Amino acid sequence: MRIIFLKNIGRFVFLILFQVLILNTIQFNGYINPYFYIYFILLLPFETPPWLLLISSFLLGISLDIFTNTFGLNAAACVLIAFIRPFVITSISTGTEFMIGHSPSLKNQGIKWFAYYSIILVLVHHFTLFYLEIFRFTEFFQTLLRVLLSSLFTLLLVFIAEYLSYPEKK
Amino acid sequence: MRYLLFFLRKQYIYFLFLALEGLSLLILFNNNDYQNSALAYISNGVAGSVLNLSSNVSDYFSLLRVNRILAEDNARLHSNRSEAFYKADTESFYHNDTLYKLEYRYISAKVINNSTNKRNNFIMLNKGHHQGIVNHMGVIMGDRIVGQVVSVSEHFCWVMSLLNKDSRISGKFKKNNQLVNIEWEGGNYLLGEVKEIPKHVLIQKGDTIITSGNSDIFPEGLLIGTIDHYTIAQEENFNYATIRFATDFNSLSFVEVLIDMMRKEKENLQNSFKSREQ
């Protein structure tokens with residue numbers, strides 16, 4: 001139990017630093033801006049109590065906000081996806097595949113399950129984040145394009161990370 | 001009462017969600033006027049020290065370019081040194097000149113965090129209260145504008161760059177002093193929008209836009225950019241143009257913060273004027 005706890009804290013710190021020091025400096029015509037740090041929320045174990053899910057996501061968001069001078073922006077988006085995460089999981093689960101102490105993963109749940117799960121959460125997060133950031137409707141389609149392109153890039157990173165962390169044993 | 005508690009316990013997760021989400025949105029929208037909140041003060045210090053560390057490493061990769069820029073700056077300063085001496089040198093002694101009074105002082109600062117890929121971009125500098133920086137000071141690089149200070153802590157400050165939806169610069173055409181507003185609408189960080197150019201002004205590709213000096217933030221005559229292309233609107237009363245920024249925001253490394261020595265006087269005048277109007 002303690003190992004899972006420490007593992008998640010380590011992942012928290014690593015993802016924040018990775019986001020701040022590397023991903024935030026990527027420049028691609030102002031449209032692609034991956035937010036890979038929410039991988040932390042995707043990977044929290046299944047039996048995490050909902051209150052812990054919400055509070056840790058809030059802390060994750062506010063930590064990133066401190067580094068980008070956008071107080072509350074990432075926190076709002078993270079709390080929202082932490083809130084809908086249990087509903088997403090129950091809506092797509094078949095009820096048998098979860099084991100205690102396990103996190104959602106490509107290997108255990110299969111590509112279809114994991115793709116559905118991560119696409120919904122990433123899209124909701126990016127949608128909230130970009131529209132809260134701009135907070136006006138005059139640039140609606142431009143922002144939509146940014147949401148879609150950035151989500152695509154974030155998902156790409158999520159899948160690469162999944163394949164890297166579970167090498168096939170043979 | 002008991003029912004209420006029971007209800008709260010059963011549904012606590014919804015309340016927790018609403019509380020956290022509400023808190024986030026509250027901070028987000030309350031922070032928009034960029035007051036020097038205690039929150040910003042503490043967090044700037046924390047973020048500053050981490051970002052400073054990373055910038056210490058990444059600085060080595062841009063040394064060559066920085067050296068070139070500094071050398072160019074030096075050459076430029078040397079070439080008009082005598083002029084600069086009479087106008088501005090009161091750093092080391094009090095220069096009681098009745099013709100020239102020092103209006104702006106420059107503090108050199110290093111960029112330790114910068115972005116150009118977001119809709120609202122901010123730049124962090126390694127100078128703060130300790131060096132005399134307060135909110136709403138202008139930030140420039142050489143004779144080009146960069147942005148304005150929006151949040152200060154003991155040793156660091158955040159600068160809202162031109163690449164921000166809340167940034168609005170008052171500029172003018174260098175050739176005929178026609179006033180215009182310059183904004184950035186996202187996307188490409190090299191190009192901005194010039195709003196509301198009066199119909200009678202003849203626009204040409206390559207026209208230079210400089211600061212007007214109408215705002216309290218920048219003095220007159222700093223370079224903003226040049227006209228890249230323009231559209232003549234048929235139905236409206238104004239034409240629109242796209243401006244190519246003189247500043248390359250993606251390669252900022254050293255900038256200068258403008259300290260307005262006559263800021264108090266200007267503010268006092270404005271306040272007294274306002275109180276008279278009421």
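**Exercise 1.** Which residues of H4(A) are buried?

*Solution.* Start with the cut-off: a residue is buried if 20 or more other C-beta atoms, placed from the backbone, lie within 10 Å of its own. In H4(A), the buried residues are A:Leu73, A:Asn74, A:Ala75, A:Ala76, A:Ala77, A:Cys78, A:Val79, A:Leu80, A:Ile81, A:Ala82, A:Phe83 and A:Arg85. Next, find the cover. It includes helices H2 (39-42), H3 (50-68) and H5 (106-134) of chain A, along with helix H2 (12-30) of chain B.

The model is predicted: local features need pLDDT of at least 70, side-chain atom pairs count only at pLDDT 80 or more, and totals for chains, interfaces and linings use all residues. Residues are numbered from 1 along each chain as its sequence is written, while chains are lettered from A and ligands numbered from 1 in the order in which they are written.

**Exercise 2.** Find where H4(A) has a kink.

*Solution.* Take the helix, residues 73-92 of chain A. Then go to A:Ile84, where the kink is about 35 degrees. The bend is the angle between axes fitted to the seven residues ending there and the seven starting there.

**Exercise 3.** Work out how H4(A) runs relative to H5(A).

*Solution.* First, the axes: they come within 9 Å and cross at roughly 155 degrees. Therefore H4(A) is roughly antiparallel to H5(A) (angles over 145 degrees count as such). Last, the contact (C-beta atoms, placed from the backbone, within 7 Å). Among the residues making the contact are A:Leu80 and A:Ile84 of H4(A), and A:Tyr117 and A:Leu121 of H5(A).

Methods: Helices (H or I, at least four residues) and strands (E, at least two) are DSSP runs, numbered from the N terminus. The expected span of a helix is 1.5 Å times one less than its number of residues. A residue is buried if 20 or more other C-beta atoms lie within 10 Å of its own, exposed if 12 or fewer, and partly exposed in between; C-beta atoms are placed from the backbone. Two residues are in contact if their C-beta atoms, placed from the backbone, lie within 7 Å. Axes are lines fitted to C-alpha atoms, for helices over the stretch in contact, and angles run from 0 to 180 degrees between N-to-C directions. Angles under 35 degrees count as roughly parallel, over 145 as roughly antiparallel, 65 to 115 as roughly perpendicular and the rest as oblique.
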